[in-house]
Amino acid sequence: MSNIPSELKYATSHEWVRNEGDGTVTIGITEHAQDLLGDMVFVELPEVGDSVTTGDDVAVAESVKAASDIYAPVSGEVIAVNEDLEDSPELVNSDAFGDGWLFKVKLDDAAELDALLDAEGYANSIDED
Amino acid sequence: MSNKTVLHAKHIEAGAKMVDFHGWEMPINYGSQIEEHHAVRTDAGMFDVSHMTIVDIKGADAQAYLRRLVINDVAKLTTAGKALYTGMLNHEGGVIDDLIIYYFTETDYRLVVNSATREKDLAWMNEQATGFNVTITEQPEFGMIAVQGPQAKAKVATLLTAEQTKAVDGMKPFFGVQAGDLFIATTGYTGENGYEIVVPQNQAADLWQQLLDAGVKPCGLGARDTLRLEAGMNLYGLDMDESISPLAANMAWTISWEPEDRNFIGRDVLTAQKASGEQPKLVGLVLEEKGVLRTGLKVLTVDENGSAGEGVITSGTFSPTLGHSIAMARVPRSVKLGDTVEVEMRKKLVKVQVIKPSFVRNGKKVF
């Protein structure tokens, strides 16, 4: 069973969201998702300043096995991207919830976080896969 | 109901992620397939290839039978232990399987064929044996371990008896020798030096453990695929199958046209195909920018008269050694090495370079 930190929120499409408490969130893909994808070889990220809408495909995680779209779990403006992934995409594999984060968003509407799954909800959703 | 190799428990013990591979439960990786890939390119890695099928062909007509059965000519083999890579065709000139044949004497050969094609291979071989004095015997009571990489031979050497050391001493590439209980061959599917070792089933797990203790890294099917693709080696079922001519699969070099009176199965079809010059060909593709060329993607080509053609990627992957994507693709014969063609990737067209289908050998880029 994958690690699913209880302090994070999740989307059924396997993104995690960390509320930084200042109207911004950090977004990545879950340990379960990186495990399904296998060794990461390229990560294509959005640009800082991009405006993203919940459900948009905004990034691509390309592994040895497949290219997988990453969807914006919330709406807002991209305020930072993880530039370390350019040279070290394997961080997504080795530390999916930490150094392997993808991008940060300034929320349009903090209430959107309530619509996301909690750890238990996400665990149930991957059991059904 | 899936088959398990004799090393199955060793894979589980090493934390392998197991997948179904044509009815066999095999390790895809033991954590990171990229690390496993690098181990083979820079040090030594090992693969469980016990699922592969060993078939011994013996009898007064063994040579005559094989000269009919496969497109290369086993009469070229005259040194005991020498091996040959070739293909076995149906009457329509399509590849039933690719295989390695080891020669011991003109009445004694060993074949190693793919596991995925085992049943049809054996059926075909038996069907073609009519009128030949040969026995065709599958040898399922063995395990097989491929140990590959620049340090592979040195690490294996630490485990061999004096007698076995003498047997493999100075063995050239593409030879095999029975040394004590082990059949040791200088063959492989990675583009590195190393051995493929056939071992009695009851000794296989011990040998695997000894290799582990000697510092050989276990590698799964994932790394096996990226390694063979970098080496430009075909995978049956992807790069060729029964509907594909060896001329369209970069296997022309495995056909022996001389002597002209050797009537191998498929010869008439291949002769006509060669004369017409219309068979497509298998080339290598290189994409140096981001993205991965995937199996099945469409390739768009333009010949020198400006007419458009189409091809397909038969095997594509990310090359861990090169740090970018490579592929093999079947394209119209008019495509030339050095050309630029386009691949339809994730809704856009990407330019890629056409090269010979060989990317990495002995740890080094070769194009």
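Modeller: B:Thr317 touches B:Thr226, B:Leu229, B:Val292, B:Leu293, B:Ser325 and B:Ile326, leaving aside residues up to four places away in sequence; contact here means heavy atoms within 4.5 Å. This is a predicted model, in which local features need pLDDT of at least 70, side-chain atom pairs count only at pLDDT 80 or more, and totals for chains, interfaces and linings use all residues. Residues are numbered from 1 along each chain as its sequence is written, chains are lettered from A and ligands numbered from 1 in written order, and side-chain values use heavy atoms, without hydrogens and water.

B:Thr317 itself sits in strand 16 of chain B, which covers residues 308-319. With a relative accessibility of 4%, B:Thr317 counts as buried (under 20% relative accessible area, with a 1.4 Å probe and protein chains only).

Among chain A contacts with a separation of 6 or more, 60% join residues 24 or more positions apart. Chain A has four helices and nine strands (DSSP runs of H or I, at least four residues, and of E, at least two). From the N terminus, the elements of chain A follow the order β-β-β-α-β-β-β-β-β-α-α-β-α. Chain A is as compact as a globular protein of 129 residues, because its radius of gyration, 13 Å, is close to the 14 Å of the globule rule (taken over C-alpha atoms; the rule is 2.2 Å times the number of residues to the power 0.38). Along the principal axes, the C-alpha atoms of chain A fill a box of roughly 35 × 30 × 20 Å.

How values were computed
Buried means under 20% relative accessible area, exposed over 50%, partly exposed in between (1.4 Å probe, protein chains only).
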